[in-house]
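Here's a quick briefing to read with the structure open beside you. Take it topic by topic and follow along on screen.

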Amino acid sequence: MIVVMGNMTTLIDFFTTPLTYAFMQRGMISAVLVGIVCAVVGTYVVLRGMAFFGDALAHTILPGIALGYLISGGDKDVLFWWALGTSVLAALGIGAISKNSQIKEDTSIGIIFAGMFALGIALISTVRSYAVDLSHFLFGDVLSVSVQSLWLILIFGGVVLLVIFAFYKEFMTLSFDPILAATLRLPVGFLNNLLLALIAVTVAVSLQTVGVALMVAMLVTPAATAYLLTHRLSHMMMLAAVFASVSGIIGLYLSFYLSIASGAAVVLTATVFFLTAFGWKKFRGG
Amino acid sequence: MYPNTNHKHDQPILDVTHLTFRYNGRDALENITFHLHEGERVAIVGPNGAGKSTLIKVIAGVLQPTSGEVNIYGTRPNKHVCIGYIPQRNQVDWHFPVSVADVVMMGRSAKLGPFNFPHKRDWDIVNHALETVELVNLAGRQISQLSGGQQQRMFIARALAQEAELMLMDEPLTGLDAPSQEGILTLLDRLKSEKVTVMVATHDLDQAASHFDRIMLLNHQIIAFGSPDNVLHTDNLLRAYGGRLKPVDGHNILNIDDCCDGEHDHTH
């Protein structure tokens, strides 16, 4: 009995110890919030085959962040606004270029994405603490999220979810059958750009939690996992949000106890969920 | 509210005048002029690449004509929500996470307007549409679980939920087995009583002749347009199909070589 009690205490300690640190609490909250927003928006990224666009967009904002970083002298809370501005501009820019180009869409996205990413690296490399700063932008630094950043994530993430909810039937109709959307005279161009902007805001909101390089995983992995397991759009969104937030929590515990990078731990957890769902489906012959 | 427009009922439901659609420097459609009456059923027949799909999309207002005009009850299609477009089945993502009822409800999107969610009346309309096409018991199914004929009927239900007055169907019978084809054609016959005007692209001359009021023989231009008896003559068919048409035993029985040369894949 005493042994069992002892084990229980250890088990409870195992879960509560990390939470005694304020930075872990903030990290957990931001990982869950970002996870939910990414998962819901990611549902459309997966269904519309926009994974490459999402990946490119995340990388494209690096010069914007770098510029903000150089101008503000390292104040991380200002960076959100630089990320947001660059991200929305880049999303609408990529949207316009890929539509009006003779070159195939993925090629033109690839050229812009790599070029902008290189510009970002070049800008950051002018600073002395270059390696550390760059790795924070690339892979995120969820444990350094401030209270102020948390509020920004909550507000902007909330707006994104609200818009997705308000235009639920429009986005569903447009994504399933663009010609139907056109014959129903839905504002197709506006809705397409709105969706790009929503992905852009999501990328900006998630920057500190997962970083540029792993962003696409948060957008597609939980949503793809949910896609394997449900047949309804609303269920897919909710299930993806659950997978993403649980991945965030498990990932941070892993990061705490195994001393691995937090963003990587979250993404790896989400990937394990996906592989499990994939394997389970194959096993059941689905 | 999303755009909508009033109908001038002294004007024909569809009036096309001198319509030309140029694509990649070629005239996909050339100087097309015709009009349809309410409740009429018309088949568009012609070889592959004749511009059948393009014509349907221009009428639907999805593609803009290079020159000429399309009018629905006296005004341009761009603001009409009474045009039901039914896509070719191979252009649909059948693994999209939606149920049959979800897809049919999509037809209500325009009438609902922004920021609105379906009311009881909308569900009643969807249910009624599903009853008409006999899919009520499959309403909750994911769409990939339907047979080809059921998938096609689902889209007809969607057009009904949209309260479409002009239904445009792109090869609705392609890839279906004979009973399913009959089912769709019977359904189209039933729509006549609901005053729905139907325009169907098809390559089956027999079905066109037996189930439709008028036939449009199309090969970039209108070769002939009128009742089946008047249109399906050797001369006309030769002009539409050219060398792909082989006269068999005398003059009035013909055999078309190219019926469906791999252009229309089956789904899944």
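**Chain B: a helix over the sheet**

In chain B, helix α9 (residues 234-241) lies across β8 and β9, and it runs at about 150° to β9(B). Keep in mind that this is a predicted model.

- Chain B has an open sheet of six strands, and reading across it you get β5-β6-β7-β3-β8-β9, with mixed pairing.
- The edges belong to β5 (83-86) and β9 (221-226) of chain B; each has a single partner strand, so one side of each has no neighbour in the sheet.
- Going from strand to neighbouring strand, the average turn is 15°, ignoring direction.
- Strands β3 (residues 41-45) and β8 (residues 214-219) of chain B run parallel and are joined by four bridges.
- To find that pairing on screen, look for Val42(B), whose bridge partner in β8(B) is Arg214(B).

**Chain A overall**

**A helix pair in chain A**

- Helix α11 (residues 188-229) of chain A packs against α12(A) at an angle of about 125°, with 8 Å between their axes.
- An angle like that makes α11(A) oblique to α12(A), and the crossing of the two is right-handed.
- On the α11(A) side, the residues that meet α12(A) are Met218(A), Pro222(A), Ala223(A), Thr225(A), Ala226(A), Tyr227(A) and Leu229(A).
- Facing them from α12(A) are Met236(A), Leu239(A), Ala240(A), Phe243(A), Ala244(A) and Ser247(A).
- Sorted by class, the residues of this α11(A)-α12(A) contact come out as eleven nonpolar, two polar and no charged.

**Where the chains touch**

- Chain A puts 21 residues into the contact, and chain B puts in 21 residues.
- On the chain A side, the elements giving two or more residues are α9 (168-176), α10 (178-183) and α12 (233-258).
- The largest share of that side, five residues, comes from α9(A).
- The side of chain A that touches chain B has twelve nonpolar, four polar and five charged residues.

Terms used:
Residues numbered from 1 in each chain as written. Chains lettered and ligands numbered in written order. Predicted model: local features only at pLDDT ≥ 70, side-chain atom pairs only at ≥ 80, totals over all residues. Contact = placed C-beta atoms within 7 Å. Nonpolar A, V, L, I, M, F, W, Y, C, P; charged D, E, K, R; others polar. Pairing = 2+ DSSP bridges. Axes fitted to C-alpha atoms, helices over the stretch in contact; angles between N-to-C directions. Parallel < 35°, antiparallel > 145°, perpendicular 65-115°, else oblique. Left-handed = near helix turned anticlockwise from the far one by under 90°.
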